Amino acid sequence: MADLAELAGVSTATVSRVLNGKHGVSTQARQAVLAALDVLGYERPEKLRTRSVGLVGLIVPELSNPVFPAFAQVIETMLTERGYTPLLCTQSPGSTTEDQYVDVLLEHGVAGIIFVSGLHADTAASTDRYERLLQRKVPVVFVNGAAAGIAAPTVSTDDAAAIDLAVRHLVQLGHRRIGLATGPQRFLPAQRKHAAFVRNLREQLDVDDPEEHVVSTLFTVEGGQAAAQQLLATGHTAMVCSSDLMALGAVRAARSLGLDVPRDLSVVGFDDSPLVPFTDPPLTTVRQPVQAMGHAAVSALVAEISRSSAATTELLFQPELIVRGSTGPAPLRAADAPTGTRPAGTRVPAHRAGA
């Protein structure tokens, strides 16, 4: 009981109440004790055996980006509802790597693993770890990024549709100098956003060289700030960011130059993290359907565990444009639109232009 209490972060009295099925224990504490039982390899009491049908690993990046805790919360809740005990593995620079987490999870005999925005999204990374898991018949599911050559269910936000929504919104507001702040191009979501942005500038604004309007940096506040400084220096009045954190960095950059958002610069984020409605100004962003994606990821994993026929193709979920206070009409200096500019459309559906 002392070992269980230490691992679960509760008192031995709480452990006793959980093991004896007594009331007066929070759901969080009860789940922590049950997870500790599984991790330490103890056999559950008969009355508790039906509460869990196995351990499931959930590997996510660092939790400093609010969208990752949102994914973790949804997926953990749905796994628990289906009788599984989730083991959350979070990464941060210089700490435990994805490969090390995989080794630990295998040692604990997990029934499956869900990877959120991990190395599967990095086109330059090896896929050996995933091949090894499939060879050992450990089901895996990927969220936001497909690993090339790995036949596993994948759940992603439609990045191209997200860019379509953001650019169309800005064009309708009269903007003609629109930039994209995105992450390193080795990541599949960044590649997809980049390609969609280039297509949109050509189709909606007849821009000859869209690449001049793209800045690749980091998916962080600092990355967004650096990208905004570069885009503002070249006369851009609006920018689309590949994360809400980058968008907040863009707002910071504008203010550091004495500019106002959205009067001088309109900013669109991506994710719709839980706190962005309360930023100053409230952030216009493209919402990832986290709830639906989490449900699909868990359903796919459970199907894989039960050896049902789960789809191994990528499921693309439609994003939604959430208009708030960080976007507004283009400033007067943007009136000099490029020659040949076509008028903006009037619809904002969550699908590709022309589809």
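Guide: Let us start with a definition. A residue is called buried under 20% relative accessible area, exposed over 50%, and partly exposed in between. Keep in mind that this is a predicted model.

Visitor: Why is Lys137 called exposed?

Guide: Its relative accessible area is 62%. The cut-off for exposed is over 50%. Therefore Lys137 counts as exposed. Lys137 sits in the loop between helix H6 (128–135) and S4.

Visitor: What is the phi of Lys137?

Guide: Phi is positive there, about 60°, although Lys137 is not a glycine. Asp206 also has a positive phi, near 55°, and is a residue other than glycine.

Visitor: Is Asp206 buried, exposed or partly exposed, and how do you know?

Guide: Asp206 has a relative accessible area of 28%.

Visitor: How do you know whether the chain agrees with a compact globule?

Guide: A compact globule with 355 residues would have a radius of gyration near 20 Å. The protein chain has 23 Å, which agrees. Along its principal axes, the C-alpha trace spans about 75 × 40 × 35 Å.

Visitor: What secondary structure does the chain hold?

Guide: Eleven helices and twelve strands. As for contacts, take those between residues at least 6 apart in sequence: 72% of them join residues at least 24 apart.

Visitor: What makes strand S1 (residues 54–60) largely enclosed?

Guide: Count its residues. Seven of the seven are buried, so the rest of the structure largely encloses S1. On one side are Gly54, Val56, Leu58 and Val60, and on the other Leu55, Gly57 and Ile59. Both faces are covered.

Visitor: Why do the names on each side skip a residue?

Guide: Because in a regular strand the side chains alternate between the two faces of the sheet.

Visitor: How do you know that S1 and strand S2 (residues 84–90) pair?

Guide: Pairing needs at least two bridges. S1 and S2 have seven bridges, in the parallel sense. So they count as paired. In S2, Leu87 is the bridge partner of Gly57, and Leu88 is that of Leu58. Five of the seven residues of S2 are buried, so S2 too is largely enclosed by the rest of the structure.

Visitor: Which strands pair with strand S5 (residues 154–157)?

Guide: Strand S4 (residues 140–143) pairs with S5 in the parallel sense over two bridges. Two is enough, because the rule asks for at least two. Strand S11 (residues 314–317) pairs with S5 over four bridges, also in the parallel sense. Val155 in S5 is the bridge partner of Val143. In S11, the partner of Val155 is Leu315. Thr154 and Ser156 point one way from S5, Val155 and Thr157 the other way, and all are buried.

Notes. Residues are numbered from 1 along each chain as its sequence is written. This is a predicted model: local features need pLDDT of at least 70, side-chain atom pairs count only at pLDDT 80 or more; totals for chains, interfaces and linings use all residues. Side-chain values use heavy atoms; hydrogens and water are left out. The radius of gyration is taken over C-alpha atoms; the globule rule is 2.2 Å times the number of residues to the power 0.38. Contact means heavy atoms within 4.5 Å. Buried means under 20% relative accessible area, exposed over 50%, partly exposed in between (1.4 Å probe, protein chains only).
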